[in-house]
Amino acid sequence: MFDLTSKTSSEAGPKPAREWVKVLAQYRKPNISRSVFELLATLVPFFAIWALAWWSMSISYWLTVAIALLNGPFLVRLFAIQHDCGHRSFVENRVLGDWIGRCLGVLTVTPYEMWRYAHSVHHNASGNLDRRGLGDIHTMTVREYNEAGWIARLYYRVYRNPFVTFLIAPGILFLVVNRLPFGFMNQRKFWISAMGNNLGILALLGPIYVLGGWAPILLIFLPSTILASSIGVWLFYVQHQFEHTHWEEDADWDLHEAALHGSSHYVLPPLLQWLSANIGIHHVHHLNSRIPFYRLPEVLRDHEDLAVGAQLTIRESLQTAKLHLWDEDGKRLLSYKDARALVLE
């Protein structure tokens, strides 16, 4: 099993994690011209692919689906921009940023306020064993798994099965679960967020149905949305679910240490890095979430220690799908097989 820590330079440099926060503060200011450019550079091809896919329905439905799937990565990029709006890092004006986020939430089928709150909880509790739950991939410790009953173990195994985690659950999450404020049923603002998002989706899909019937919805909207949701869940997974990630009980947990050492630097080819809006530079993002996504590469260019720290390649990331249980003593994520061997020692 690969070891990310072997690639670090004194664990991402000599600076303590808290000091990196001060260094990174200078990168927080967004550039409105650059933000507008990045938004248009994503929306224009997104709608162009939609139009091309619609046109292709007169030729072949298979061609339509193939073209629609090309829009999955652009939806991921729109979600990443919505993500930056939630962190107040895309534009300085809070009201403008929130409305951009809400509008993009219609395209990404994600209620903006609901997601922003859950994601904020994730940032403020990532790597904290006593605050697992909201906004996270559920992770059990070896001890918890061994003490659980067979039903709980079966549920966990199904939940963490790669086929379920990356292929089935994402589409259900975005298309079905997001339609109601599950977990926030008693909070009016999240009902407004969910219902507003639903109305926006209906306002978008309604005219499409009137003009083209069910075909463009089934052949363009659904394939691109489902693919984008799977890509998004995969990216979120590998950003925190790697062998030597960082988990601690609340008494020993530190926000900045968890941000730096519990988030990977997912090294992607330039095109994939662009399509994912640099979200693979996740350790820097967690250290200072107010940095616009388009300035994250600038941070790596200026600070070599962060550039080489905790790197995870695409090939290595595939191995993370086998890791499911956190070993509290060994401080690493294990496969079920390795966890069994640990118990038998």
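User: Which helix gives the most to the lining of the second largest cavity, and with how many residues?

Analyst: Please keep in mind that this is a predicted model. As a general idea, rolling a probe the size of a water molecule over the atoms shows where empty space is left. In this structure, α4 gives the most to the lining of the second largest cavity, with three residues. That cavity has a volume of about 50 Å³, and the residues that line it include Ala 80, His 83 and Asp 84, together with Ser 276, His 285 and Phe 293. By class, its lining divides into six nonpolar, three polar and one charged.

User: How many cavities of 30 Å³ or more does a search of the whole structure find, and what volume has the largest cavity?

Analyst: The search finds two cavities of 30 Å³ or more, and the largest cavity has a volume of about 110 Å³. Of the 13 residues in its lining, those closest to the centre are Ser 126, Asp 136, His 240, Gln 241 and Trp 247. Helix α11 supplies the largest share of this lining, three residues, and by class the lining holds four nonpolar, eight polar and one charged residues.

User: What volume has the largest pocket, and which residues are the closest to its centre?

Analyst: The largest pocket has a volume of about 1300 Å³. It is lined by 46 residues, of which Trp 115, Gly 135, Leu 173, Phe 174 and Val 233 are the closest to its centre. The elements that each give two or more residues to this lining are α4 (71-86), α6 (112-125), α9 (162-175) and α11 (215-240). When the lining is sorted by class, 29 residues are nonpolar, 16 are polar and one is charged.

User: Which helix gives the most to the nonpolar patch?

Analyst: Helix α9 gives the most, with five residues, while α9 and α10 (188-212) each supply at least two. The patch covers about 1000 Å², and among its members are Phe 163, Ile 172, Leu 173, Trp 191 and Met 195. To take one of them, Ile 172 is found in helix α9, and it counts as partly exposed because its relative accessibility is 42%.

User: How many salt bridges does the structure hold, and why does the pair of Arg 116 and Asp 98 tie together parts that are apart in sequence?

Analyst: The general idea is that side chains of opposite charge can pair when their charged atoms come close. The structure holds 12 salt bridges, and in one of them the side chains of Arg 116 and Asp 98 meet at 2.8 Å, N to O. Arg 116 lies in helix α6 and Asp 98 in helix α5 (residues 94-107), so this pair ties together parts that are 18 residues apart in sequence. Asp 98 is buried, because its relative accessible area is 7% and buried means under 20%.

User: Where do Glu 328 and Arg 143 lie, and is Arg 143 buried or partly exposed?

Analyst: Glu 328 forms a salt bridge with Arg 143, and the closest N and O atoms are 2.5 Å apart. Glu 328 lies in the loop between β4 (325-327) and β5 (332-334), whereas Arg 143 lies in helix α7 (residues 142-147), so the pair ties together parts that are 185 residues apart in sequence. Glu 328 is buried, with a relative accessible area of 16%, while Arg 143 is partly exposed at 43%.

Conventions. Residues are numbered from 1 along each chain as its sequence is written. This is a predicted model: local features need pLDDT of at least 70, side-chain atom pairs count only at pLDDT 80 or more; totals for chains, interfaces and linings use all residues. Side-chain values use heavy atoms; hydrogens and water are left out. On a 1 Å grid over the protein atoms alone, a cavity is a set of points where a 1.4 Å probe fits but cannot get out, and a pocket is an open set with protein on both sides within 12 Å along at least five of seven lines; lining residues have an atom within 4 Å of a point. Grid points are joined across faces, edges and corners, and a volume is the space filled by probe spheres set on the points. Helices (H or I, at least four residues) and strands (E, at least two) are DSSP runs, numbered from the N terminus. Ala, Val, Leu, Ile, Met, Phe, Trp, Tyr, Cys and Pro count as nonpolar, Asp, Glu, Lys and Arg as charged, and the others, Gly among them, as polar. Patches are made of residues with over 30% relative accessible area and no salt bridge: like charges are joined within 9 Å, nonpolar side chains (Val, Leu, Ile, Met, Phe, Trp, Tyr) within 5 Å. Accessible areas come from the Shrake-Rupley method with a 1.4 Å probe; for residues, only the protein chains shown count as cover. A salt bridge is a side-chain nitrogen of Lys or Arg within 4 Å of a carboxyl oxygen of Asp or Glu. Buried means under 20% relative accessible area, exposed over 50%, partly exposed in between (1.4 Å probe, protein chains only).
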